[in-house]
Amino acid sequence: MQTTVAALPPRHYLNDGFGIRSWLFTRDHKRIALLYLATITLFFFIGGAMAVLIRLELATPAGDLVTDETYNKLFTMHGVMMVFFFLIPSIPATLGNFLVPLMIGAKDLAFPKLNLLSWYIFVVGGLFTLYALISGGVDTGWTFYTPFSTISSTSKVVPTALGVFITGFSSILTGLNFIVTIHRMRAPGMTWFRMPLFLWSIYATSLIMVLGTPVIAITILLVAAERLFHFGFFDPAVGGDPVLFQHLFWFYSHPAVYIMVLPSMGVVSEVVAAFCRKPVFGYRIVAFASVAIAVLGFLVWAHHMFVAGISVYAAMIFSVLSMLVAIPSAVKVFNWTATMYRGSISWQTPMLYAMGFIGLFTIGGLTGVFLATLAVNVHVTDTYFIVAHFHYIMVGGALMGYLGGLHYWWPKISGRLYPEFLAKLSAGIIFLGFNLTFFPQFVAGYLGMPRRYHAYPPDFQVLNVLSSAGASILGVGYLIPMAYLMWSLRYGRAAGSNPFGAVGLEWMTTSPPPTENFATTPVVAWDAYDYKGEVEGRVA
Amino acid sequence: MSQTHVVPTRVYYTIFAILMFCTYLTVQVAFLDLGALNTVAALAIAVFKAVLVVLFFMHVKYSTRLTWVVVIGGAFWLGILLALTMTDYLSRAWGTFG
């Protein structure tokens, strides 16, 4: 731990130019990361507001707060906002943008202008979707299933679809930028197997972004075209097949789950190593596990379609393939646990989030194996069991990792420390609130409560009241970090370059870093997580 | 960084002529009754045209091995999409157990 009183450096990226133009025309990856941070936080709270209304409606069995049509729009916009405008860009576009050049010892990403363009595209896509929300909303579910989305729905499908389509390009450009940067701009000595595991996970995520996003973009465009011009892609009346939409949609949207969770896994690797003062156990296998998850993630999509009328033989193939994803996922969980073994563990806030991730991801992952099993899948499809499962992955996993990473690198981003007690308290509140919200949904779903209804039989009320109560706790848990992180920007103590005593190039420059990141290009002569080197004085 | 490869304009004109001829061929084949092979023929011509565009107009023929890996990777991923989707369509008519 750092004991000397630190001060902010006189020159850093935050005071290198003032005024709105210096932000809107910046090419600095760190400022673009903050632009993304502000934008996705806005979308997170809009999506969160929808969740509040959904849980309020479900506090009683009767559909007494909103109409069924409004309820359909609420859960649709909640899903669209959270998936496309928060979770997918969350870690890659904020922490990834900020950290990839710093971690490899580069001055910026390979294509700084393209990076800024990706943010503008993201904003334009978001504006389309906000327009759809304000002008009446969309009621198809975030999955846009045909033929409802193309023939029956009378809501704002086209503007929402266009918003998602446009945002896809932002994702592709970000992924492309990361891939090229990691290939071409590593500092001397920074070999592939000296890279922090966060970079391996970002690299794997970028592969999914580049290979998968074009498919969803075109698919969503086909929905808009069919709706506007009555083409026959998905409409059986004119030779189409609605199940084809599901194949194309899930070819991207299942790997998109790994776009959300792989970067969080990268964060957990960094945090566990830093707060256990040990190298990650089995570094190479954890690195390869990231790539394996990215590749295998493309081979499993039809487990979302087992009851959609697909061939039972194809379903068996997809069932087996789906279970394979558990192998690299379990490798990571076991290796993090092994890293902690005999480690010098420090229970600071990022570590609490990392522990939350490991526990909740394990529950989410294991219930994923249930869902890969054909017979169980048929029983629980379209019930709250599914809702609970994917929230354990996306919120319990991805969001926990995001918050852990945000806290871990906040001193680097802002140059200031957050209040540790409040941060630990909110981590605890989020963990409790999350489990109270979503664990009862496993039970309700297993007992047969369907998802996407605004009214339900009274037998399920106790479970739903528990869930709604948990959601209110969770909401408070999210507001507290929002408040103290903002507070710390002005009033937090100066962090110094390396407040957690961590290793990694990003900790060897000032906090906040200068615009050019490093005064001289670093030369790397040690492996990642060289906590032995720290003792020997190689690390600041 | 990469060197610019100079391609004679003659190559571009030749490829353009082949693409135009293939378009003409696609239209002509569409008027023949080949049964299920109509789609196969149209797609085969389209794939051939796409390969020409990628190789010559997009300069992949003259690019580094890494570029080849990227292009082949993209095509392979499209293959995954098509092959695994076809496992559904080709075996749907086989019926179910029990």
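## Chain B and its two domains

Chain B splits into two domains, with domain 1 covering 1-63 and domain 2 covering 64-98. Keep in mind as you read that this is a predicted model. The C-alpha centres of domain 1 and domain 2 of chain B are 22 Å apart. Where the two domains of chain B touch, domain 1 supplies four residues and domain 2 supplies four residues. On the domain 1 side of that contact in chain B, two residues are nonpolar, two are polar and none is charged.

Chain B also meets chain A, in a contact built from 13 residues of chain B and 13 residues of chain A. The side of chain B that touches chain A is made up of six nonpolar, five polar and two charged residues.

## Helix 11 of chain A and its two partners

Let us turn to helix packing in chain A. Two packed helices are described by the angle between their axes and the distance between the axes. Helix 11 (residues 326-340) of chain A and helix 12 (residues 349-372) of chain A have axes that come within 11 Å and cross at roughly 155°. Because angles over 145 degrees count as roughly antiparallel, helix 11 of chain A is roughly antiparallel to helix 12 of chain A. The crossing of helix 11 of chain A past helix 12 of chain A is left-handed. From helix 11 of chain A come Ala326(A), Ser329(A), Val333(A) and Trp336(A), which meet Ile358(A), Thr362(A), Gly365(A) and Val369(A) of helix 12 of chain A. This contact of helix 11 with helix 12 of chain A comprises five nonpolar, three polar and no charged residues.

Helix 11 of chain A also packs with helix 9 (residues 283-296) of chain A, at an angle of about 150° and with the axes 8 Å apart. Helix 9 and helix 11 of chain A are therefore roughly antiparallel to each other, and helix 9 of chain A passes helix 11 of chain A in a left-handed crossing. Helix 9 of chain A brings Ile285(A), Val286(A), Ala289(A), Ala292(A), Ile293(A) and Leu296(A) to this contact, where they meet Pro328(A), Ser329(A), Val331(A), Lys332(A) and Asn335(A) of helix 11 of chain A. Sorted by class, the contact of helix 9 with helix 11 of chain A has eight nonpolar, two polar and one charged residues.

## The setting of His407(A)

His407(A) sits in helix 14 (residues 384-414) of chain A. It counts as buried because 25 C-beta neighbours lie inside 10 Å. Leaving aside residues up to four places away in sequence, His407(A) touches Thr349(A), Pro350(A), Tyr353(A), Tyr418(A) and Ala423(A). His407(A) and Pro481(A) are 74 residues apart in sequence, with 9.1 Å between their C-alpha atoms.

## Backbone details in the loops

Most residues other than glycine have a negative phi, and most peptide bonds are trans. Here are some exceptions in chain A. The peptide bond from Thr146(A) to Pro147(A) is cis, with omega near 0°, and Pro147(A) lies in the loop between helix 4 (112-134) and helix 5 (148-152) of chain A. The bond from Ser511(A) to Pro512(A) is cis, with omega near -5°. Pro512(A) belongs to the loop between helix 16 (461-491) and helix 17 (531-535) of chain A.

His230(A) is not a glycine, yet it has a positive phi of about 60°. This residue, His230(A), is in the loop between helix 7 (197-229) and helix 8 (242-276) of chain A, and it counts as exposed because it has 12 C-beta neighbours inside 10 Å. Arg452(A), also not a glycine, has a positive phi of about 65°. Arg452(A) is placed in the loop between helix 15 (420-446) and helix 16 of chain A, and with 13 C-beta neighbours inside 10 Å, Arg452(A) counts as partly exposed.

How values were computed
Residues numbered from 1 in each chain as written. Chains lettered and ligands numbered in written order. Predicted model: local features only at pLDDT ≥ 70, side-chain atom pairs only at ≥ 80, totals over all residues. Contact = placed C-beta atoms within 7 Å. Nonpolar A, V, L, I, M, F, W, Y, C, P; charged D, E, K, R; others polar. Domains from an automatic or database assignment. Axes fitted to C-alpha atoms, helices over the stretch in contact; angles between N-to-C directions. Helix = DSSP H or I, 4+ residues; strand = E, 2+ residues; numbered from the N terminus. Parallel < 35°, antiparallel > 145°, perpendicular 65-115°, else oblique. Left-handed = near helix turned anticlockwise from the far one by under 90°. Buried ≥ 20, exposed ≤ 12 C-beta atoms within 10 Å, placed from the backbone.
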